[in-house]
Amino acid sequence: MVYRWEIAPRWEEEHHIEIAIAQVDATGLVLVRSELLSCWPYRYEELEVELHRAGLQTELSTFDLEAENYMVVASKV
């Protein structure tokens, strides 16, 4: 599985994620499938607001401005 990110020059613009999967069949033939997805990332503060608007509250967050990745767990209010 391979992920390829296209980050737009401006945060508000459409970004892309391409996900490709390579599958080797019994004969050794490699079959590759991929999908290009559009996304518009949230800033953490915007995510918190949208979760609340959807009736959810943050249960756990590993957000750190310096970290490359983080996890948010939310539940119904």
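Before I go on, a bit of housekeeping. This is a predicted model, where local features need pLDDT of at least 70 and side-chain atom pairs count only at pLDDT 80 or more, while totals for chains, interfaces and linings use all residues. Residues are numbered from 1 along each chain as its sequence is written, and side-chain values use heavy atoms, with hydrogens and water left out.

Okay, back to His15. You'll find it in strand β2, residues 15–24; helices (H or I, at least four residues) and strands (E, at least two) are DSSP runs, numbered from the N terminus. So what sits around the side chain of His15? A polar atom of that side chain lies 3.1 Å from the backbone oxygen of Trp11, and for the backbone oxygen of Glu13 the distance to a polar atom of the His15 side chain is 3.3 Å. If we skip neighbours within four places in sequence, His15 also touches Glu6, Ile7, Ala8, Arg10, Leu37, Ser38, Cys39 and Pro41, where contact means heavy atoms within 4.5 Å.

Now zoom out to the sheet. Three strands make an open, antiparallel sheet, in the order β1-β2-β3; two strands pair if DSSP finds at least two bridges between them. β1 (2–6) and β3 (30–39) are at the edges with a single partner strand each, so one side of each has no neighbour in the sheet. β2 and β3 pair over 10 bridges, in the antiparallel sense. As one example of who faces whom, Ile19 is opposite Glu35 in β3.

Next, the aromatics. How many aromatic pairs does the structure hold? Three, and rings of Phe, Tyr and Trp (its six-membered ring) pair if their centres lie within 6.5 Å, with planes under 30 degrees apart called stacked, over 60 edge-to-face and the rest tilted. Tyr44 and Phe63 are stacked, because their ring centres are 4.2 Å apart and their planes are at 10°. That pair links distant parts of the chain, with Tyr44 in helix α1 (residues 44–53) and Phe63 in the loop between β4 (56–61) and β5 (72–76), 19 residues apart. Tyr44 also pairs with Tyr70, edge-to-face this time, at 5.6 Å centre to centre and 75° between the planes. Since Tyr70 is in the loop between β4 and β5 and Tyr44 is in α1, this pair ties together parts 26 residues apart in sequence. Together, Tyr44, Phe63 and Tyr70 form one aromatic cluster.

Are they buried or exposed? Tyr44 counts as buried at 16% relative accessibility, whereas Phe63, at 31%, counts as partly exposed, and so does Tyr70 at 36%.

Last stop, helix α1. Its buried residues are Tyr44, Leu47 and Leu51. They cover an arc of only 50° around the axis, which puts them on the same side of α1; the arc is that of the directions from the helix axis to the C-beta atoms. What covers these buried residues includes β4 and β5. On the face turned away from the buried side, α1 carries the exposed residues Glu45, His52 and Arg53. And just after α1 comes Gly55, with a positive phi of about 85°.

Definitions and conventions:
A polar contact is a pair of N or O atoms within 3.5 Å; within protein, one must be able to donate a hydrogen and the other to accept it, and residues adjacent in sequence count only if both atoms are side-chain atoms. Buried means under 20% relative accessible area, exposed over 50%, partly exposed in between (1.4 Å probe, protein chains only).
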